[in-house]
Amino acid sequence: SRGLGDVYKRQIQWRSIQNGYETEVYVSKKLSDNIGGNAEFFLPGSIMDRYNSIDMIINGESYQVKPLSYAKEVIGKDGKNYYYVKTYGMRDDYKQKNIDYIAYGSKGGEVYVFPNKKYYVKNRNEVLHFEEPKIY
């Protein structure tokens with residue numbers, strides 16, 4: 001028989017999947033409403049999501065959607081402006097994929113869209129972007 005610990009872990013895992021899905025739906029709707037044109041959304045676990053890391057395509061441009069805890073502009077030691085993003089599950093290998101943009105958002109909040117280049121992934125939860133985002 002399974003212990004309560006296993007049941008609790010599964011509940012947490014399911015909640016995480018549900019939160020991720022809700023974030024993707026919110027960000028996708030906000031972007032398609034603001035950008036306009038032809039938008040296509042790929043469900044979590046779909047071939048486009050799982051193998052190509054693409055969550056949506058708007059007017060032929062592909063997006064990977066990540067949850068956003070917060071984003072803030074910071075000034076580096078070189079005097080240049082950077083964007084520090086606190087997220088979850090970010091990977092450096094997205095740069096090698098055919099993804100045009102990384103979009104960070106959370107339900108009810110702003111969506112930050114960065115080109116999928118010129119960033120440093122400190123760890124899965126912290127990213128430093130070297131280009132300015134479009135904010136929706």
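Q: Let's start with β6 and β7. How do they pair, and over how many bridges?
A: β6 and β7 pair in the antiparallel sense, over five bridges. Two strands count as paired if DSSP finds at least two bridges between them. The strands themselves are DSSP runs of E, at least two residues long, while helices are runs of H or I of at least four, all numbered from the N terminus.

Q: Where does this model come from, and how are the residues numbered?
A: This is a predicted model, numbered from 1 along each chain as its sequence is written. Local features need pLDDT of at least 70, side-chain atom pairs count only at pLDDT 80 or more, totals for chains, interfaces and linings use all residues, and side-chain values use heavy atoms, with hydrogens and water left out.

Q: Back to the hairpin. Which partner does Tyr104 have in β7?
A: Tyr112 is the bridge partner of Tyr104. Five residues sit between the two strands, and Gly108 takes a positive phi near 85 degrees in this hairpin.

Q: Is β7 buried or exposed?
A: Mostly covered: five of its five residues are buried. Buried means under 20% relative accessible area, exposed means over 50%, and partly exposed is in between, with a 1.4 Å probe and protein chains only.

Q: Which residues sit on each side of β7?
A: Val111, Val113 and Pro115 are on one side, Tyr112 and Phe114 on the other, and all are buried. In a regular strand, side chains alternate between the two faces of the sheet.

Q: What else does β7 pair with?
A: β10, through two bridges, running antiparallel. Val113 has Lys134 of β10 as its bridge partner.

Q: What's the strand order in that whole sheet?
A: It is an open sheet of six strands, β1-β2-β3-β6-β7-β10, with mixed pairing. β1 (39-41) and β10 (134-135) stand at the edges with a single partner strand each, so one side of each has no neighbour in the sheet.

Q: How do β2 and β3 join?
A: β2 (residues 56-58) and β3 (residues 61-67) run antiparallel and are joined by three bridges. Ile57 has Ser62 as its bridge partner in β3.

Q: And the other sheet, what order is that?
A: Four strands, β4-β5-β9-β8, form an open antiparallel sheet. β4 (70-75) and β8 are at its edges, each with a single partner strand, so one side of each is left without a neighbour there.

Q: How do β5 and β9 meet?
A: Four bridges join β5 to β9 (residues 126-129), and the two run antiparallel. Tyr84 has Leu128 as its bridge partner in β9.

Q: Switching to the inside. Which residues touch the most others in the largest nonpolar core?
A: Val85, Met90 and Tyr104, out of 17 residues in that core. A nonpolar core is a set of buried Ala, Val, Leu, Ile, Met, Phe, Trp, Tyr and Cys residues joined through side-chain atoms within 4.5 Å. β5 (81-86), β6 (101-105), β7 (111-115) and β8 (119-123) each supply at least two of its residues. Apart from it lies another core, of 10 residues, including Val27, Leu31, Ile58 and Tyr63.

Q: What does Met90 touch?
A: Leaving out residues up to four places away in sequence, Met90 touches Lys66, Ile102, Tyr104, Tyr119, Val121, Arg124 and Val127. A contact means heavy atoms within 4.5 Å.

Q: How many aromatic pairs are there?
A: Six. Rings of Phe, Tyr and Trp (its six-membered ring) pair if their centres lie within 6.5 Å; planes under 30 degrees apart count as stacked, over 60 as edge-to-face and the rest as tilted. The rings of Tyr63 and Tyr101 have centres 5.2 Å apart and planes at 25 degrees, so that pair is stacked. Tyr63 is in β3 and Tyr101 in β6, so the pair ties together parts 38 residues apart in sequence.

Q: Are those two buried or exposed?
A: Tyr63 is buried, at 3% relative accessible area. Tyr101 also counts as buried, at 19%.

Q: What about Tyr83 and Phe114, how do their rings sit?
A: Their centres are 5.8 Å apart and their planes at 65 degrees, so the pair is edge-to-face. Tyr83 in β5 and Phe114 in β7 are 31 residues apart. Ring pairs also link Tyr83, Tyr104 and Phe114 into a cluster.
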